[in-house]
Amino acid sequence: MKKFLAVALAVVMMFSISVVSFADYINPIEKDTAQASEVVVQTSAAAADDTYTVTVPASPINVTWGSDQAFDASYSVNHNLVDGSQLVVSVAAANLKDADSHELTLTLSGTTTAQTYTGYDNGTAAKVSVSGMVSGWDSVPAGSYSGTITYTATYTPA
């Protein structure tokens with residue numbers, strides 16, 4: 001059995017060396033011969049190569065008590081997605097409440113509908129303008145209230 005394995009290994013090694021010696025160049029460039037050759041360059045990408053970044057405002061967003069001024073709640077999106085992949089970003093708000101369940105109204109305006117992103121953004125972040133405003137100050141006692149603005153990014157691969 002050892003002899004057979006040794007002979008088989010020797011034959012395999014001999015064939016592997018012969019592959020190199022039989023190699024040929026399709027378009028050899030030789031001395032004193034001007035030649036041009038075309039080489040096909042191919043790329044491939046799959047959903048595993050998709051990248052995206054959604055940048056949201058820092059938390060917390062502080063609002064002065066009794067303010068009737070809108071605050072910035074905008075976000076931005078960078079994306080590089082293969083054909084067929086998509087990213088959907090939405091924003092929603094929940095009213096502000098205190099420990100005793102008193103409630104202030106948090107209203108969003110601007111681009112509040114879900115935004116769909118496909119393809120490539122050329123490295124330029126898409127800024128989505130959203131602003132928020134708190135109202136109902138006169139109907140609740142002064143205090144500490146908190147609520148949330150939820151940014152949801154839903155990625156669907158190709």
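Pocket and sheet in a predicted model

Q: How do you know which residues belong to the lining of the largest pocket, and which are the closest to its centre?
A: The space in this pocket is about 510 Å³, and 22 residues line the pocket, with Pro60, Ile61, Asn62, Leu96 and Gly147 the closest to its centre. They count as lining because lining residues have an atom within 4 Å of a point of the pocket.

Q: Which elements give two or more residues to the lining of the largest pocket, and which gives the most?
A: Two or more residues come from β5 (103–110) and from β9 (146–156), and β9 gives the most, with five residues.

Q: Why are β1 and β7 said to stand at the edges?
A: The open sheet has three strands in the order β1-β3-β7, paired in the antiparallel sense. Both β1 (51–55) and β7 (126–128) have a single partner strand, so one side of each is left without a neighbour in the sheet. Neighbouring strands here are turned by 15 degrees against each other on average, direction ignored.

Q: What makes β3 and β7 a pair?
A: Strand β3 (residues 75–80) meets β7 over three antiparallel bridges, and because a pair needs at least two bridges, the two strands qualify. Tyr75 has Val128 of β7 as its bridge partner.

Key: Residues numbered from 1 in each chain as written. Predicted model: local features only at pLDDT ≥ 70, side-chain atom pairs only at ≥ 80, totals over all residues. Heavy atoms only, no water. 1 Å grid on protein atoms, 1.4 Å probe; cavity = no way out; pocket = protein on both sides within 12 Å on 5 of 7 lines; lining within 4 Å. Points joined across faces, edges and corners; volume = space filled by probe spheres on them. Helix = DSSP H or I, 4+ residues; strand = E, 2+ residues; numbered from the N terminus. Axes fitted to C-alpha atoms, helices over the stretch in contact; angles between N-to-C directions.
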